[in-house]
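Open the model in your viewer and show the side chains.

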Amino acid sequence: MAEVTLDLRAADKAEAYAQLQEHVESVLAGIADPIAAMATVSCLVHHAFGHLWTGFYRVVEPGRLLRVGPYQGTLGCLEIAFGKGVCGAAAAERRTVVVEDVHAFPGHITCDARSRSEIVVPVFDAAGELIAVLDVDSEHPGTFDARDREGLERIVGWFAAVPVAA
């Protein structure tokens, strides 16, 4: 199963996320390394939906700074301060942020000018500490909705459910 990368672009979103969730759990079974999991989740989500950019910004200074982690897509911003842009807002507020039009989001940080919509999901560990945010960008406006929020929140729930190796 690990060698399979799903293409779910033609599937209903609810069904696509259910399939992807099952696949992520299968591929990560027995893994306790958050960086390996971030790399794997980035790959699986990115290819399942054909997004522009999919990846993680890791918390390197709690409450202050995010740094790019494993991702798929073009070069990402290397660092983002808490409270800045969509990723920084999601980190500071500890909640998922869905943006239909990035050009209408005050303070949006442009890492790739083709990005038109975005969703950023906070990632918590088993202790409830914010360890990263999952950032997904689309070159189409209005790509993300409540079904994406719910699906991606369930997927990153892996990090809170699995004790990680030190």
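Partly exposed means a relative accessible area between the buried limit, under 20%, and the exposed limit, over 50%. Keep that in mind at each stop. The model is predicted. Searching the whole structure gives nine salt bridges. Here are some of them.

**First stop.** Select Glu79 and Arg67. They form a salt bridge, with the closest N and O atoms 2.6 Å apart. This pair ties together distant parts of the chain: Glu79 lies in strand β3 (residues 79–81) and Arg67 in strand β2 (residues 65–72), 12 residues apart. Are these two side chains buried or exposed? Arg67 has a relative accessible area of 32%, so it counts as partly exposed. Glu79, at 42%, is partly exposed as well.

**Next stop.** Select Asp148 and Lys13. Their side chains meet in a salt bridge, 2.4 Å from N to O. Which elements does this pair link? Asp148 is in helix α4 (residues 146–156) and Lys13 is in helix α1 (residues 13–28). The two residues are 135 residues apart, in distant parts of the chain. Now check the surface: Asp148 and Lys13 are both buried.

**Last stop.** Arg147 is partly exposed, with a relative accessible area of 40%. Asp145 is partly exposed too, at 25%. Keep all the residues of the last two stops on screen. Lys13, Asp145, Arg147 and Asp148 belong to one network, joined by salt bridges that share partners.

Key. Residues numbered from 1 in each chain as written. Predicted model: local features only at pLDDT ≥ 70, side-chain atom pairs only at ≥ 80, totals over all residues. Heavy atoms only, no water. Salt bridge = Lys/Arg side-chain N within 4 Å of Asp/Glu carboxyl O. Helix = DSSP H or I, 4+ residues; strand = E, 2+ residues; numbered from the N terminus. Buried < 20%, exposed > 50% of the residue type's maximum accessible area, 1.4 Å probe, protein only.
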